[in-house]
Amino acid sequence: VSFGYTDVTPSEKTARVGDVFRSVAARYDLMNDAMSGGMHRLWKDHFVRRVAPRPGEQILDMAGGTGDIAFRLAARGTRVTVADINAAMLEVGMQRATKRGINGLVWTEANAEVLAFPDRQFDAYTIAFGIRNVTDIPAALREARRVLKRGGRFFCLEFSTTTWPGFADVYDAYSHRLVPKLGKLLANDEASYRYLIESIRRFPDMPAFKAMIEEAGFVQVKAEPILGGLVAIHSGWKI
Ligand code: SAM
């Protein structure tokens with residue numbers, strides 16, 4: 001499997017991704033703002049509008065990290081379980097929740113590939129900027145479908161490939177040159193940010209990822225591009 005541009009064994013990928021997020025956890029929120037010029041907030045707002053959460057619904061926010069999606073979902077009156085493989089990210093998220101006075105979230109350490117939840121527990125499953133870090137993506141998609149109720153919905157926010165030609169070039173230059181430098185400057189961690197950029201480049205484009213979601217058994221699968229597909233929202237239903 002690929003870790004950025006390097007080929008590694010599956011267990012090595014999982015371990016290295018663990019190192020990346022342990023390393024960036026403390027600076028994660030600052031770096032998101034710095035790298036996206038604050039735009040990640042708008043993408044996340046838009047994403048949660050698409051999920052259209054209703055009060056009382058049970059939602060699993062997978063790879064939930066420091067809680068950005070979970071806090072937005074909880075504000076709509078849903079019951080949110082935040083799951084992440086990385087204890088350091090969850091720790092930062094729990095501290096943020098306390099600081100903001102957000103109660104009632106369930107925080108749990110879990111690997112998206114093998115979930116301990118029973119079948120058909122959740123109304124919706126969300127994963128934002130998480131799936132490309134998962135080693136066995138088809139396994140994670142199958143687990144997502146398993147833990148959803150019938151009629152449950154799957155929503156994924158992830159970087160993809162923009163189809164705007166000029167923009168693609170600018171973005172490529174920006175991300176490969178500037179992001180690792182920003183990582184060095186702001187978080188003293190160039191390697192982690194190099195991985196994050198390389199993993200974006202390696203991630204399947206919209207048609208390919210849509211096909212993977214269908215392969216896992218979801219129906220009515222859609223890809224909604226943002227900025228021509230620089231970022232995309234993939235969604236599907238379990239029937
Ligand atoms: N969803 C949050 C957000 O949008 O700000 C956090 C995204 S962060 C870029 C990616 C997260 O995916 C990290 O917290 C990382 O620990 C988590 N992750 C990576 N591999 C995972 C796996 N196999 N299972 C669960 N979480 C995973």
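Which residue in β9 is the bridge partner of P225? That would be A232. Here is the rest of the picture, starting with some ground rules.

## Ground rules

We're looking at a predicted model, where local features need pLDDT of at least 70, side-chain atom pairs count only at pLDDT 80 or more, and totals for chains, interfaces and linings use all residues. Residues are numbered from 1 along each chain as its sequence is written.

Helices and strands are DSSP runs numbered from the N terminus, with at least four residues (H or I) for a helix and at least two (E) for a strand. Two strands count as paired if DSSP finds at least two bridges between them.

## The sheet

The sheet is open and has 7 strands with mixed pairing, in the order β5-β4-β3-β6-β7-β9-β8. Its edges are β5 (106–109) and β8 (219–226), each pairing on one side only. From one strand to the next, the twist averages 15°. For angles here, axes are lines fitted to C-alpha atoms (for helices, over the stretch in contact), and values run from 0 to 180 degrees between N-to-C directions.

Helix α3 (residues 39–51) packs on this sheet and touches β6 (122–128), β7 (148–159), β8 and β9. The direction of α3 makes about 165° with that of β7. Contact, here and below, is when the C-beta atoms of two residues, placed from the backbone, lie within 7 Å.

## Around β9

Strand β9 (residues 231–237) runs antiparallel to β8, and 6 bridges join the two. Besides the pair we opened with, I226 has V231 as its bridge partner in β9. The two strands form a hairpin with 4 residues between them, and L227 in the turn has a positive phi of about 55°.

With β7, β9 is again antiparallel, this time joined by 7 bridges. C156 stands opposite H234 in β9. Strand β9 is mostly covered, with 6 of its 7 residues buried. A residue is buried if 20 or more other C-beta atoms lie within 10 Å of its own, exposed if 12 or fewer, and partly exposed in between, with C-beta atoms placed from the backbone.

Strand β3 (residues 58–62) pairs with β4 in the parallel sense over 5 bridges. D61 has V82 as its bridge partner in β4. Strand β4 (residues 79–84) is mostly covered too: 5 of its 6 residues are buried.

The largest nonpolar core has 63 residues, and F47, A70, Y125 and L157 touch the most other members. β7 gives the most to this core, with 6 residues. A nonpolar core means a set of buried Ala, Val, Leu, Ile, Met, Phe, Trp, Tyr and Cys residues joined through C-beta atoms within 7 Å. Leaving aside neighbours within four places in sequence, A70 is in contact with D61, G64, V80, V82 and L105.

## The ligand shell

There are 20 residues around the ligand, and the closest are A63, G65, N86, A112 and A128.

By type, the shell has 11 nonpolar, 6 polar and 3 charged residues. Nonpolar covers Ala, Val, Leu, Ile, Met, Phe, Trp, Tyr, Cys and Pro; charged covers Asp, Glu, Lys and Arg; the others, Gly among them, are polar.

The loop between β5 and β6 holds E113. E113 is partly exposed, because 18 other C-beta atoms lie within 10 Å. E113 and A140 are 27 residues apart in sequence, yet their C-alpha atoms are 4.2 Å apart. Not counting residues up to four places away in sequence, E113 touches V134, T135, D136, A139, A140 and E143. A116 is found in the loop between β5 and β6, and is exposed because it has 9 other C-beta atoms within 10 Å.

Most residues other than glycine have a negative phi. R120, in the loop between β5 and β6, has a positive phi of about 55° although it is not a glycine. N188 has a positive phi of about 50°, and is not a glycine either. N188 lies in the loop between α7 (165–187) and α8 (190–202). Why does N188 count as exposed? Because N188 has 10 other C-beta atoms within 10 Å.

How values were computed:
Near = placed C-beta within 6 Å.
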